[in-house]
Amino acid sequence: MSLYSHIQLLDGGNMVSNCMILFHDYCLVLLLMILTYVCFMFYICYSGQSFVTYISGGSNFLEMVWTILPMFFLLSLGVPSFLMMYYVEGELKGDLTVKSIGHQWYWSYESSDFSDYQVDSYMLGLSDLSISSHRLMEVDNSLVLPYLTKVRMVVTSTDVLHAWALPSMCIKMDAVPGRLNTLNVFSMTPGSFYGQCSEICGINHSFMPIHVEFVDWANFLNSVL
Ligand SMILES: [Cu+2]
């Protein structure tokens, strides 16, 4: 863990989240570049340098540059952003479908592929924690998913708005009563990932964490069958 890790994004758990982190860094560099350039131009203009006469004299080349360059920058921001958005929530195919239902105040998970699979996932209280567990993040029944498998996650709610979020996968989806929102969950590695409800849903909003464990298929089948 580096000195500045707490001000950076979490390490990505899959391809698309790593792309998003790269995209975030790219946007930041681009915006800083533009800010520096604008500040520099302000300085030039207000200090009455000879460049001002060059602009006010009219230059076709300069007109071309400041029309085409912003267009290029906007495209370089828009295209990857749209590609990632469609990758995360656009495609509705998956090897496995899991439904995540928000309640006041816990999550429950079920799967249409395994009719018997239905678990309620409540947060563990302080007295149930071991020395290595994370306070306010552990649950009694975590969601178990296979890694290297494209999971179609259907998110909904039974009462009020909630949001199912997994920051290290760059995933956040609103759980809306009466509506099925879909997103793709894919992990390249086995491991534990944590998230929290991300839409204010009432008094115990802070106490309905999400814990997803990515395991191999054998262990996954053991847990759901
Ligand atoms: Cu909430």
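A residue is called buried when its relative accessible area is under 20%, exposed when it is over 50%, and partly exposed in between, using a 1.4 Å probe and protein chains only. The structure is a predicted model, in which local features need pLDDT of at least 70, side-chain atom pairs count only at pLDDT 80 or more, and totals for chains, interfaces and linings use all residues. Residues are numbered from 1 along each chain as its sequence is written, and side-chain values use heavy atoms, with hydrogens and water left out.

**Copper site**

Donors are N, O and S atoms within 2.8 Å of the metal (3.2 Å for Na, K and Ca); water is not among the atoms, so sites may look incomplete. The copper ion has the protein donors C197 (SG), E199 (O), C201 (SG) and H205 (ND1), at 1.9 to 2.6 Å. Their spacing in sequence is C-x1-E-x1-C-x3-H. The arrangement is tetrahedral because the angles subtended by the four donor atoms are 86 to 127°; four donors count as tetrahedral if all angles lie between 85 and 135 degrees. Two of the donor residues are listed below with their accessibility.

| Residue | Relative accessible area | Class |
|---|---|---|
| C197 | 6% | buried |
| C201 | 5% | buried |

**Sheet**

Strands are DSSP runs (E, at least two residues), numbered from the N terminus, and two strands pair if DSSP finds at least two bridges between them. Five strands make an open sheet of mixed pairing, ordered β3-β2-β1-β5-β8. At its edges, β3 (118-121) and β8 (181-185) each pair on one side only. Strands β1 (residues 96-103) and β5 (residues 151-157) run parallel and are joined by seven bridges. L96 stands opposite V151 in β5.

Conventions:
Four donors count as tetrahedral if all angles lie between 85 and 135 degrees; four count as square planar and six as octahedral if opposite donors are over 155 degrees apart and all others between 65 and 115; anything else is irregular. Helices (H or I, at least four residues) and strands (E, at least two) are DSSP runs, numbered from the N terminus.
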